[in-house]
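Open the model in your viewer and keep the selection panel at hand. The stops below say what to pick and what you will find there.

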Amino acid sequence: MGPLSARLLMQRGRPKSDRLGKIRSLDLSGLKLLSEHLDPKLLSRLKQLQELDLSNNQLETLPANLGLSHLRVLRCANNQLGDVTALCQFPQLEELSLEGNPFLTVRMISEELVASGGIQVREADVPERPPKATAAREPRAKPVALKRPDDTPLSLSPNKRVCTSSSSAHVKGSDGSQPTLEPLHFLQCHSKNNSPRDLETQLWACAFEPAWEEGQAGATSQTVATCGGEAVCVIDCQTGIVLHKYKAPGEEFFSVAWTALTVVTQAGHKKRWSVLAAAGLRGLVRLLHVRAGFCCGVIRAHKKAIATLCFSPTHETHLFTASYDKRIILWDLGVPNHDYEFQASQLLTLDTASIPLRLCPVASCPDTYLLAGCEGGCCCWDVRLDQPQKRRVCEVEFVFSEGAEAAGRRVDGLAFVNEDVVASKGNSLGTICLWSWSQTWMGRGKQSTLAVVVLARLQWSPTKLAYFSLSTCPDEGIVLCGDEEGNVWVYDVRHILTQPPPLPAAPQAPTQILKWPQPWALGQMVTKTMVNTVVANPTFTYLTALTDSNIVAIWKRQ
């Protein structure tokens, strides 16, 4: 390949135009380009260029005067780059891919980005946060990137993201045969004003996109949605690339949930597409068409902040929203028309005595009962739609131990491990409780308060801090939870659930604890961070953890 020409740029640029100044995206990958082929005089004519792909070439360096002041995405994977001093010329850069450049290390990248100064942070006026966002937590240093222990070359990314392809996580487990979880990427994709120095934006929730293709029931893709601050990001876990980013100024997103809907096109064809629901501080539910990259509907669901939401596992258009107004509402989004427009309707209103934090349809009968972990405990509602009453109160409150203080304890973690066993957290310090739904419900009678039938307790952090969300992988028998020290606690509970009674009285130790890797953060060492949320896909191939320091961490099982 020789020097670039204006004709080639117009052929490979988008949108199609006979003027270089109108091109916004340019694909120059796989052309065997050398560094001297990048003519700054020619490329500087791309005044509106926002995305540039230079992957799979033979570049050793980037010219320092390309003049691409609006560039937001730069892909330079699989080249021969040996330094990144030219990155400082891209003040608007949000996403950078440098995988497969054998002469680069994370430390080189992070130090150069610090030296470039990044983007100045202008703090916007932040609306008052509800209790979830103001939980007292001790100040701490914040990590942004990972420095490999041996400082060997690695696959990488930007001021927004640092990723690693072969650095092992610090894992300790009671069983040496347990699979190894290795860190792939550490992303900073929710920053205010896209600043690499924003280590304060709180990340709250994440959810893996299910694989909706026929014949893949129970499988998932490697795509995960994360939310925090004013942004929702959709990330490819394998590559670490932020596929889509949606921003809503003035919002703070607390929860995301996926569903798949069938729409009929103008030509009369049926099409299946993924919809991502996102909600938070403003009480609105935004329905995002992820592949098309736009918001196709907004539900004004509550007058106060929405703490969490979830879709029904049996009805793809049914969405539960739980708010700080102490109400849980079941919505029917309806089937969107060919213009992707929704006509949502309200089906049920469930009143709560305290703020609902987690929602969990009962696995064995999701159309009949809904569990919720609340500030005041764990409650259950009848959600059958064939009943006449459309506004309902809690039918049963669950109690986790005997004594006067047994009721009224916060439950901030709640998920089914299988069709019957529930994992819950928050009702007692330092433990996660595994209890049987069927055995507990069998003893109900007409009682409004029920003591749960505990199957086992899992040893967890003794912290008094709250709102560390747990999750499960039912197909793998896995329970996951983060903590205040940046650890990820992993429990394989299959042996516990199959063990005949009586079970050991002492809490069961975790199978593994993933220790937060010793990071190199923007030129300075940091010691710890808090992991608020941990979610894995059902096959336990990828694990995503969110921190209080604006970091999305992704591990992969080897």
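**Stop 1: a strand pair**

Select strand 28, residues 431-436, together with strand 30. Six bridges join the two, and they run antiparallel. This is a predicted model, so treat each stop as a prediction. Now pick Cys433. Its opposite number in strand 30 is Arg457.

**Stop 2**

**Stop 2: Thr463**

Follow the chain out of strand 30 (453-459). The loop between this strand and strand 31 (470-473) holds Thr463. Is Thr463 buried or exposed? Thr463 counts as buried because its relative accessibility is 11%, and the cut-off for buried is under 20%.

Show the side chain of Thr463. It reaches the backbone nitrogen of Leu465 at 3.0 Å. Then display the contacts of Thr463, leaving out residues up to four places away in sequence: Leu429, Phe468 and Glu484.

**Stop 3: Glu200**

Jump to the loop between strand 8 (181-187) and strand 9 (203-210), where Glu200 lies. At 53% relative accessibility, Glu200 counts as exposed, because the cut-off for that class is over 50%.

**Stop 4: colour by confidence**

Colour the protein by pLDDT. The mean is 80, and 80% of the residues reach 70 or more. Which element has the lowest mean pLDDT, and which the highest? Strand 7 (residues 170-173) has the lowest, at 39. Strand 18 (residues 318-323) has the highest, at 98.

Select residues 403-407. Here pLDDT is below 50, and the stretch has four contacts in the model beyond near neighbours in sequence. Finish at residues 519-527. Their pLDDT stays under 50 as well, and the model gives them 30 contacts beyond four places in sequence.

How values were computed:
Residues numbered from 1 in each chain as written. Heavy atoms only, no water. pLDDT = per-residue confidence, 0-100. Helix = DSSP H or I, 4+ residues; strand = E, 2+ residues; numbered from the N terminus. Contact = heavy atoms within 4.5 Å. Buried < 20%, exposed > 50% of the residue type's maximum accessible area, 1.4 Å probe, protein only. Polar contact = N/O pair within 3.5 Å; in protein donor to acceptor, adjacent residues only side chain to side chain. Pairing = 2+ DSSP bridges.
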